[in-house]
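Here is a short report for a reader new to this structure. Look over the sequence and the model first, then read on.

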Amino acid sequence: ASYLRQHNRGMAALEQQINYKRELMSGDLISIRSAVLEMKDKTIRFTHEMRREDTREIAATTVLTGVFMDLATRKACPFPSEIRARVGSFIERAAQS
């Protein structure tokens, strides 16, 4: 988060699709798995999957598209090359597993 503050950058959600599949009850132990699906010059698309731990049933999934922003101009801007490289390595590792 310090990079964002130091460079006056931020993220904004452009789109979010949520699919609720199973009901969860108070006290259910859950796990959430996240993955980056795609990264473009100024946008990123990622997913979260929520599972009930004891049954391994998927309770909900979401796919989000976000945009990297210059907070001073309130306009989209390109991700820095360091961030693109780091996220690219996450995408490659996910594809290999």
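## Two loop residues and the overall fold

N8 sits in the loop that links α1 (2-6) to β1 (9-20). The model is predicted. N8 is not a glycine, yet its phi is positive, at about 55 degrees. Most residues other than glycine have a negative phi. The relative accessible area of N8 is 37%, so N8 is partly exposed.

R56 also has a positive phi, about 65 degrees, and is not a glycine. R56 lies in the loop between β3 (43-52) and β4 (58-70). R56 counts as partly exposed because its relative accessibility is 41%, and the class runs between 20% and 50%.

| Residue | Phi | Relative accessible area |
|---|---|---|
| N8 | about 55 degrees | 37% |
| R56 | about 65 degrees | 41% |

Now the whole chain. The chain holds two helices and five strands. Their order from the N terminus is α-β-β-β-β-β-α. The C-alpha trace spans about 45 × 30 × 25 Å along its principal axes. The radius of gyration of the chain is 16 Å, whereas a compact globule of 97 residues would have one near 13 Å.

How much of the chain is buried? Of its 97 residues, 22% count as buried. The chain exposes about 7100 Å², and carbon and sulfur atoms supply 51% of that area. Contacts between residues at least 6 apart in sequence were also sorted by separation: 57% of them join residues at least 24 apart.

Last, the charges. The chain has 16 positive and 12 negative charges, and their mean positions are 5 Å apart.

Technical notes:
Residues numbered from 1 in each chain as written. Predicted model: local features only at pLDDT ≥ 70, side-chain atom pairs only at ≥ 80, totals over all residues. Heavy atoms only, no water. Helix = DSSP H or I, 4+ residues; strand = E, 2+ residues; numbered from the N terminus. Buried < 20%, exposed > 50% of the residue type's maximum accessible area, 1.4 Å probe, protein only. Rg over C-alpha atoms; globule rule 2.2 N^0.38 Å. Contact = heavy atoms within 4.5 Å. Areas by Shrake-Rupley, 256 points an atom, 1.4 Å probe, with all protein chains shown as cover. Lys, Arg positive; Asp, Glu negative; His and termini not counted. Charge placed at Lys NZ, Arg CZ, Asp CG, Glu CD.
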